[in-house]
Amino acid sequence: LQDIHFALWRSFEGYQGLSSLRTWIYRVAHNTAASHVLKDRRARVSQWTDLEHVADAPDPAIVADAVEDSDLLSRLMSLVPQLKPPDRQVMLLYLDGLDAKETGEITGLSPGAVATKIHRIKAVLAKRFN
């Protein structure tokens, strides 16, 4: 849609009024959309693999595992913003790889309280995933 708006804006200077404004807008929009589809099709064709390179292609099982991990991470990241701000802060620091002591120094909580919060948040998130 942005490409269509941009194409209309760029070509408006060349509009001579030989057809109705509606017809001209339709033509520019159609040509821009058709160009977009062709570019997308060419990009997909360039991603195909020749028979000689099939042996070098990634294992579908590995790709499926990566997709599953990515899906789990995106689901987790959609649940984290729903946590209360202090819990969210602790969880994000945990996901960034900080230990309980470092998280405690940042949040002002004791390392034991941080570990307890992390354990409880994990339990809640595990229930949400199941």
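User: What pLDDT does the chain average, and how many of the residues score at least 70?

Analyst: Start with the term: pLDDT is the predictor's confidence in each residue, on a scale from 0 to 100. Here the chain averages 79, and 78% of the residues score at least 70. This is a predicted model, so local features need pLDDT of at least 70 and side-chain atom pairs count only at pLDDT 80 or more, while totals for chains, interfaces and linings use all residues. Residues are numbered from 1 along each chain as its sequence is written, and side-chain values use heavy atoms, with hydrogens and water left out.

User: Which elements have the lowest and the highest mean pLDDT?

Analyst: Helix α3 (residues 60-79) has the lowest, at 68, and helix α1 (residues 2-11) has the highest, at 92.

User: How many helices and strands are there in the chain?

Analyst: First, how they're assigned: helices (H or I, at least four residues) and strands (E, at least two) are DSSP runs, numbered from the N terminus. This chain has six helices and zero strands. Read from the N terminus, the order is α-α-α-α-α-α.

User: How do I read the packing of two helices, say α4 and α6?

Analyst: Two packed helices are described by the angle between their axes and the distance between the axes. The axes are lines fitted to C-alpha atoms, for helices over the stretch in contact, and angles run from 0 to 180 degrees between N-to-C directions. Helix α4 (residues 85-95) and α6 have axes 10 Å apart, at an angle of about 90°. As for naming angles, under 35 degrees counts as roughly parallel, over 145 as roughly antiparallel, 65 to 115 as roughly perpendicular and the rest as oblique. That's why α4 and α6 are called roughly perpendicular to each other.

User: Which residues meet there?

Analyst: Contact means heavy atoms within 4.5 Å. From α4 come Asp87, Val90, Met91 and Tyr94, and they meet Val114, Lys117, Ile118, Ile121, Lys122 and Leu125 of α6. The contact of α4 with α6 then divides into seven nonpolar, no polar and three charged residues.

User: Is Asp87 buried or exposed?

Analyst: Here's the rule: buried means under 20% relative accessible area, exposed over 50%, and partly exposed in between (1.4 Å probe, protein chains only). Asp87 sits in helix α4 and counts as buried, because its relative accessibility is 19%. Leaving out residues up to four places away in sequence, Asp87 touches Lys117 and Ile121. For the chain as a whole, 16% of the 130 residues count as buried.

User: What about α5 and α6: at what angle do their axes cross?

Analyst: The axes of helix α5 (residues 100-107) and helix α6 (residues 111-129) cross at roughly 105° and come within 8 Å. So α5 is roughly perpendicular to α6. On the α5 side the contact is made by Ala100, Lys101, Thr103, Gly104 and Thr107, and on the α6 side by Pro111, Val114 and Ala115. By class, that contact has four nonpolar, three polar and one charged residues.

User: Which residues does Val28 touch?

Analyst: Val28 belongs to helix α2 and is buried, given its 13% relative accessibility. Not counting residues up to four places away in sequence, Val28 touches Ala7, Leu8 and Ser11. The C-alpha atoms of Val28 and Ala7 are 7.0 Å apart, though the two are 21 residues apart along the chain. Now look at Thr32, also placed in helix α2 (residues 21-46). Thr32 is buried at 18%, and beyond its neighbours within four places in sequence it contacts Asp3, Ile4 and Ala7.

User: Why is the pair of Phe12 and Tyr15 stacked?

Analyst: Rings of Phe, Tyr and Trp (its six-membered ring) pair if their centres lie within 6.5 Å; planes under 30 degrees apart count as stacked, over 60 as edge-to-face and the rest as tilted. By this rule there are four aromatic pairs. The rings of Phe12 and Tyr15 have centres 6.3 Å apart and planes at 15°, so this pair is stacked. Phe12, at 49% relative accessibility, is partly exposed, and Tyr15, at 24%, is partly exposed too. Together with Trp24, Phe12 and Tyr15 form one aromatic cluster.

Notes: Nonpolar A, V, L, I, M, F, W, Y, C, P; charged D, E, K, R; others polar.
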